[in-house]
Each structure stands twice: as structure tokens, then as C-alpha cells.
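Me: I am learning to read a protein model. Could we go through one by question and answer?

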Amino acid sequence: MDEGKEKLDQAYDNLERETPDWLCRRIRWLRNPQARKVRLPLGIALVVAGFFGFLPVLGFEFIPIGLLLIAQDLPFMRKPVAEATLWLERQWMRLRGWRERRHDHSHGLRGQQRRHEPGRHP
């Protein structure tokens, strides 16, 4: 297996871990060779829709998902799309961790502040 295919599989696997089960089943089906007739047009449609991510129903996250689907069938796109997707995922995980730490920290401080406010009894 070439390096691009391996990285693309890793990007798909990571995406599947972060999505609900019903969506994972659809992603797995789209990865099958039989789904090529659906995968390529859907990938193109998702990329185009992603450019309208400022609209309430659409989202910018459609772009990397669409590119992942397209890269499945275009070998020259596999490695760059997989690397970009893995990079985006690392950034997302970092941001999510930062938000969780910030949330935990702010809730912890509020509880401490309440306990030490003058005139308040525990």
C-alpha cells in the first residue's frame, strides 16, 4: 500500500472515531469501491457547498470531508489531502482540549469564589 493511501485511511479512521455511529456506517459504505459513482459527485458537491459555509445550513467543514471523498479515487490527491485532514484534526483536538481546560478552570474558580465570598455561609 502506498504512503498516501495509508495516510488517507488514517484520516478516515480518525474521522470515524469522532462521528456518531450512524454517520460512521455511511462513511464506511462510501469508502467501498462500489460507492465510486456516488462518492465522487458527493465529494464535489460537499466542496462546493463548503464554500457557502457562511450560510446557516451549510458549513465550512464540508470542504475537507468532500476532499477526502474525492481523494479516495484520485491517487495524486491522497497524500496531500490526508496530511491536511490529519493536521486539521490535530488542531481541532488541541482547540477542544483548550476549551475543556478553560471550561473546567472557570467552573472550578467560580466554585472557589462562591465559597470565599464574605457574608456567604457554606
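Me: In which loop is Phe52 found, and what is its relative accessible area?
Reply: This is a predicted model, in which local features need pLDDT of at least 70, side-chain atom pairs count only at pLDDT 80 or more, and totals for chains, interfaces and linings use all residues. Residues are numbered from 1 along each chain as its sequence is written, and side-chain values use heavy atoms, with hydrogens and water left out. Phe52 sits in the loop between α3 and α4, where helices are DSSP runs of H or I with at least four residues, strands are runs of E with at least two, and both are numbered from the N terminus.

Me: Which residues form a nonpolar patch on the surface, and what is their accessible area together?
Reply: A patch takes residues with over 30% relative accessible area and no salt bridge; like charges are joined within 9 Å, and nonpolar side chains (Val, Leu, Ile, Met, Phe, Trp, Tyr) within 5 Å. The areas come from the Shrake-Rupley method with a 1.4 Å probe, and for residues only the protein chains shown count as cover. Here the members are Ile44, Val48, Phe51, Phe52, Phe54, Leu55 and Phe60. Together they have about 730 Å².

Me: Which residues does Phe60 touch, not counting those up to four places away in sequence?
Reply: Phe60 is in the loop between α3 and α4. Contact means heavy atoms within 4.5 Å. With residues up to four places away set aside, Phe60 touches Gly50, Gly53 and Phe54.

Me: Why are the buried residues of α2 on the same side of the helix?
Reply: In α2 (residues 21-31), the buried residues are Cys24, Ile27, Leu30 and Arg31. They lie on the same side because they cover an arc of only 125° around the axis, the arc being that of the directions from the helix axis to the C-beta atoms. The face turned away from this buried side carries the exposed residues Asp21 and Arg25. The buried residues pack against α1 (3-17), α3 (36-50) and α4 (62-73).

Me: Is Gln72 buried or exposed, and what is its relative accessible area?
Reply: Gln72 is placed in helix α4. Leaving out residues up to four places away in sequence, Gln72 touches Lys5, Leu8, Tyr12, Arg31, Arg39 and Arg78. Gln72 is buried, at 9%.

Me: How many residues apart are Arg78 and Asp2, whose side chains meet in a salt bridge?
Reply: A salt bridge is a side-chain nitrogen of Lys or Arg within 4 Å of a carboxyl oxygen of Asp or Glu, and for Arg78 and Asp2 the N to O distance is 4.0 Å. The pair links distant parts of the chain, Arg78 in helix α5 and Asp2 in the segment before α1, 76 residues apart.

Me: Which residues do salt bridges that share partners join into one network?
Reply: Arg28 forms a salt bridge with Glu16, the closest N and O atoms being 3.4 Å apart. That pair links distant parts of the chain, with Arg28 in α2 and Glu16 in α1. Salt bridges with shared partners join into one network Lys5, Asp9, Asp13, Glu16, Arg28 and Arg31.

Definitions and conventions. Buried < 20%, exposed > 50% of the residue type's maximum accessible area, 1.4 Å probe, protein only.
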